[in-house]
Structure formats: structure tokens, C-alpha cells
Amino acid sequence: MAEMMKGNVAIAEAAVRAGVRFYAGYPITPSSEIMEYLSWRLSEVGGSFVQAESELAGINMVFGASSCGVRAMTASSGPGISLKQEGISALSDEELPALVINMVRYGNGLGTLFSSQCDYHRETHGGGHGDYRCIVLSPSSIQEAVDLIPTAYELGEKYRVVVVLMSEGALGQMMEPVELPEFLEPKKNYWGFDGKYSYKKIGIFDRDSMKEAVELNKKYAEIKEKEQRWESEGLEDADYVFVAYGLPGRSTLGAVRSLRDQGYKVGLIRPITTWPFPENAFREVNPKVKAMITVEANATGQLVDDVALYTKKILKSDIPVYALPFVYGVPPMKEIQNKFRQILADEIKEVY
Amino acid sequence: MPAERKVPEMIDRPMSFCPGCGHGIIIRLICECLEELGQDQNVIFPIGVGCSSNLGGGLVADRLHCLHGRAGAVATGIKRVNPDNLVITYQGDGDAYSIGIAETTNAAYRNENITVITVNNTNFGMTGGQMSLTTMEGQKTSTTVHGRDCSVTGFPIRFPELVASQFHPAYVARGSVSSPANIKKTKGYIKKALQAQINREGYSMVEVMSPCPVNWGMKPIQAMERINNDLISYYPLGEFTEKGGETR
Amino acid sequence: MKVTVKSARCKECGLCYSFCPKGAISFSQDTNASGYHPVMVDDEKCIGCGTCYITCPDGVFHVLKSERGVL
């Protein structure tokens, strides 16, 4: 039975059901309801909750809990996720899985409270120091977010990577009917600390970065090959293909359907994994496509870089690639269609 | 009649500390205490960054290298999900106090049931002897070449006293490895700290005054004398808090 | 013999030498693999008190159980 739930609350309950037994974080709008909910909910299921003194401490507590093989999680937004980067790098280095939720809000520095996609580059192309990748999941509905939570841990534990749920402020704050996933038995991963040194580890100064690099590349190549997720529509005969994820992906789908009704041959790729980027979706695209168009809730156009890259790589084409950056909020269907017409009228210049 | 004295199995291998460094003594004391308390197969070490990092190679136990200063937070995460394991952070003064002041203070503030061992050698040893929060007034380091001027840097921090006076920890003490007698006393402090954790009394901390002959520009024995003659008067040894088995 | 010495671990810091109450410790003319002159214990002077073990940062010493309760 579907139940009307607020995004952040549904995500938090889904985490409990996915076997999360440790949460540490610091309050920040628009993600705080996740920790508020878990502050009382985790103790009901024998889990542990810590309101950390900072985002830095929060992610490092998650680092500790994950090292014991427990499903651990933290959530935040913009500036908070910036602080978490060193911990995400450390988790990645130790190959410890964890779920980091970013309910993205707009702006640099302190920023604003507007729902946004301005953290695309940071989440999908690294953010902390070093040479690592996180799997990044980008839901376009509360239901999809909830369904992706157990998936996030399956992927994280399979590949021993950090998984980021990159959502948007609006998704956390809105309400939709949701069917929550089943309860999973919480598990402790075999490699977790037990105080007996059951799982051998070499010291940091004895590690061989050259050897590790080979393994790392193998791992990331496998993730790229096997874990691309996306949704698409109307690609086979499309003259113009939109690419958009998250809530803008959802409104772009509406725009695409409306434009189709008006006779325009348009299609949509909606990445669900923004890393690995769903490059295989580009193989479904009409080889005679005239242009690619991203719809993004940021100022500078970030997704467009990847779309241009995979247009070159997969389509082997020099067609123009446009960005429609709406800065913040969820771009309305009507606005997307208007901008599309402006592209047709040559009033908007391509980015690539 | 001499009793047998043997380096505990957990650390019975070469360590890469400089000659005369106190770390090797402190680690041995911790491991001796763990053996004597029957806890050597029940311990996890979140390890700090700095010379304390060298512990990672020689110590055969569950151990996790933490980011610089964050061991207090990492230990919190570990202890909350593995409450039956002893959790001991091993950090230097630069790690625990300078960069990690927030995490170290807040773990103490929450009264986390962990044991924090901080090695106070009054400078950043690993990076070449820069000033830390515990550097003495007038002490020459690579970033206070004319001697520490406390009017612009602040005064050396006495962290255990802060914890003992402001929070509600289970056990707080300061020891030193500067003489056989001080080493024996320090071992007693470490054992009490670990016992407090076993008893689930809450936060326990032992700061240990330790020589850094290389960065102090001294022979090892002179470095020990510096602790005895110049440091202990500012950093007094002894126990600051003792709950005595009271369970929180 | 009251004390055994793992010469390979010795870093010649001299703490045992300085703290030994009986002056039983001296430095060898040999060098170990790390290039240090490792310590030696004069069994005649040694009383097996364990001060060397206590002050050694590098786990060089092993104080043996006393034989037949001498000392």
C-alpha cells in the first residue's frame, strides 16, 4: 500500500529497512529531516545515532562504523557535503562502503536553500583529494529514491565503494505516495573489525600503490561496464535528444511528451546513475540526431560536459550540444519547451 | 627475583620510530596492559596522523588509520557499533589537539566510552618539528625559529586538565616516559584508563610526555632530562579524574 | 644469562645505557643492518632488574626468568 510520505522521511525509513544501523551527521537544510527521523528510529531497531559536532566528525564516525562492517550512513547538503569530502576520500581509500546522501541546495559558499543540481561535478567527478570514484545515484521521485537505498548498499558492498545519493532539496521536502521496501536483516560484513584481527590488513606504509592502481582501475572499469542505469524515451527516431536527471529529468520527460504531441521528434535520456555515466544509453540514439540538449538546475551547465564527451565517444558525432541551465528549482515543462523553440530558432548558442 | 619481561606479541617486531623516541615505550605499555587485562584479542586502534602513524606497520591488531585529527570521531563510530571491543585512539599532540581539537573535545564532551592515548612531545614530529599547541613558550621549532612567542600564538594547552575540569570523564591522567619510575607509573595510568572502558564508565584519557630527540636537537637522554627538568613543571604528572568503577 | 638482546632492533639511542643501575650495558664494535652499534649486556654486572627492558623504545631486551631463584 502506497502511503503519502515526505521525501526525507521516506528515505530515512528506507535506510532503516535496508539494514542501516549507524547514522552520524550534522543538521542542515534541506536534509535535516533525515537525521531527525533517525535520531529516534535507529534506537528502536538496535542501531546507533550520533549528532556529530560537525560534518567532518559525522563522516569520520561513519568511517569508523563502516570499518566494523556495519551499514552506515550520513546525509547533508552543499557546504556540509564539502566538509565530508576528506572522509569520503578516506572511505574510498580503505575501500569501505557507506551511503552519503546529498539533498543538493543551490549556491557557492553558504549558498541558498533553493533546490538545485549545482553539485553535479563534485559528486560525479570526485570532490575530495586523490584518485577515487563514488557510485552516484540520482532519483527523480521519492519512490525511486527509496528503491535505490538497498541498491546503494548492495553496490557499495559489492564493489567496496562509497555510494552517493545525489538528490535535490525539493525531493526531500515534497510528499508523494511511496511503497516502502521490505525489511532486510541487518548484516555485518565479514571484513569488519571484531577486535581479534580476523581480517588482516597491511599498514599504510607497506602498501603498494602501483599494484593497487591496477586493481582500482579494474574495479572502476567493471562498475562502468555493469552498473549504468538510465531511463530513456523516444531515442530511436529523435532529431533532438534531451538529457536530464533527478527532478528536472522528470519535468523534461513531461516536456518531451508534450513536444512529441506537437510533432517534434524529441527523446530523453534520464541518467539514474550519474556515475557511472550511462554512456550505453547513447547507443540507442538515432544516428542522425541533430543536437543534444541538457536541462539542468545549475547556473553554469555541468551535465553538458559529460553529454558532449559521450556524444563524441559513442555517437562519434560533431553535432551541437546545448545546455539549458535553470540555476535552481525544478524547470517547468512549459519553460523547457520554450527554450527548445529558442534553440530551433537559433537564439541559444550551443556549448560544444 | 627477576620476573620475565618480554615484549608483547602484538608489537614484537621492528618499529620505524627515530632512535630514542618515546612512542616505542608507550606502545609497549599499552600492549602490556592489554595482555595483562586479557584484552589483546579484543581491541581496535583508530590511529592518528603523524609519528603515531608508524604504529600501523608494527602493531598486529585491528587498526584503522584515521584522517588527521579525526580519531576521536572515528573511535566514536567504532565503539557505538562494536561496544564490546576496547577502542583505543593513539594520537600525537598535533593530531589530537591542534587539528583534532574539535573531535577530541567532543568525544570527551559526549563521554564516549573510549580510551584516548595522546603522545605529547611538544611539536609536530613527523613533519619536521613545527610548533603545536603544546610547544613550550620560547621553544624553538621549525615554525618558531626565534622561540615560541605566546603573545601571538597562545599558550601551551593542558588538555587533560581541560577535560577533567569541564566534562565528566571516567579517568584522566598524565604520565611520562622520562624515567623508569615514570614509565611504571604511566603504565598504571594506562591500565586504569582501559579498566574504566572495560567497566563502561565512559571517556578515559592518558596524555604521555614523550621525548622527540631529533626535532629537539638533543641526545635521547638529554631529551628525557628536558621532560624532567623543563616540561613536568608545566605539564604536571598524575591523575586528574578517577571515577573508581562508577558505571555511567 | 639474565637478558637476551635482539641486536638487529637496536638503534643505539643509549637510554638503557644511561638508566642501567649497574653499568652493565656497553656498545658493540659491530654494526647491525641499520648501521647502529648495538648494545651488549655484561652478564656479570647484570642483576636482571629489567630497567633496560622498561626504557627501551625498540623491544631489544627480553628479561629471562631467573634460574633457580638466584638473586
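Let's start with two helices of chain A, α9(A) and α11(A). Helix α9 covers residues 246-261 and helix α11 covers residues 333-344, and their axes come within 8 Å and cross at roughly 60°. That angle is why we call α9(A) and α11(A) oblique to each other. As for the hand, α9(A) passes α11(A) in a right-handed crossing.

Before I go on, please keep in mind that this is a predicted model. The predictor gives the complex an ipTM of 0.96 and a pTM of 0.96. For chain C, the average pLDDT is 93, and 93% of the residues score at least 70.

Now let's stay with helices, but move to a pair from two chains. Helix α3 of chain A, residues 55-67, meets helix α3 of chain B, residues 71-81: the axes come within 6 Å and cross at roughly 45°. So α3(A) and α3(B) are oblique to each other. The crossing of α3(A) past α3(B) is right-handed.

What does α3(A) do with α4(A), in its own chain? Here the axes come within 7 Å, with a crossing angle of roughly 25°. An angle under 35 degrees counts as roughly parallel, and α3(A) and α4(A) are therefore roughly parallel to each other.

Helix α4(A) brings us to a charged contact. Which residue of chain B forms a salt bridge with Glu86(A)? The partner is Arg70(B), and the closest N and O atoms are 2.6 Å apart. Glu86(A) lies in helix α4, residues 78-93, of chain A, while Arg70(B) lies in the loop between β2 (62-65) and α3 of chain B, so the pair joins two chains. If you search the whole structure, you find 43 salt bridges over all chains.

Next, have a look at the loop between β8 and α8 of chain A. Phe205(A) is found there, with β8 at 175-178 and α8 at 209-226. Together with Ile204(A) and Met126(B), Phe205(A) makes a nonpolar surface patch of about 270 Å². Tyr197(A) lies in that loop between β8 and α8 as well. Tyr197(A) has a positive phi of about 55°, although it is not a glycine.

Why point that out? Most residues other than glycine have a negative phi, and most peptide bonds are trans.

Where in chain A can you find them? One joins Thr29(A) and Pro30(A), with omega at about 10°. Pro30(A) sits in the loop between β2 (22-25) and α2 (32-44) of chain A. Another cis peptide bond joins Trp275(A) and Pro276(A), and there omega is about 0°. For Pro276(A), the place to look is the loop between β12 (273-275) and β13 (291-296) of chain A.

You will see α3(A) and α3(B) crossing at roughly 45°, and the salt bridge from Glu86(A) to Arg70(B).

Note on methods: Residues numbered from 1 in each chain as written. Chains lettered and ligands numbered in written order. Predicted model: local features only at pLDDT ≥ 70, side-chain atom pairs only at ≥ 80, totals over all residues. Heavy atoms only, no water. pLDDT = per-residue confidence, 0-100. Patch = residues over 30% accessible without salt bridge, like charges linked within 9 Å, V, L, I, M, F, W, Y side chains within 5 Å. Areas by Shrake-Rupley, 256 points an atom, 1.4 Å probe, with all protein chains shown as cover. Salt bridge = Lys/Arg side-chain N within 4 Å of Asp/Glu carboxyl O. Helix = DSSP H or I, 4+ residues; strand = E, 2+ residues; numbered from the N terminus. Axes fitted to C-alpha atoms, helices over the stretch in contact; angles between N-to-C directions. Parallel < 35°, antiparallel > 145°, perpendicular 65-115°, else oblique. Left-handed = near helix turned anticlockwise from the far one by under 90°.
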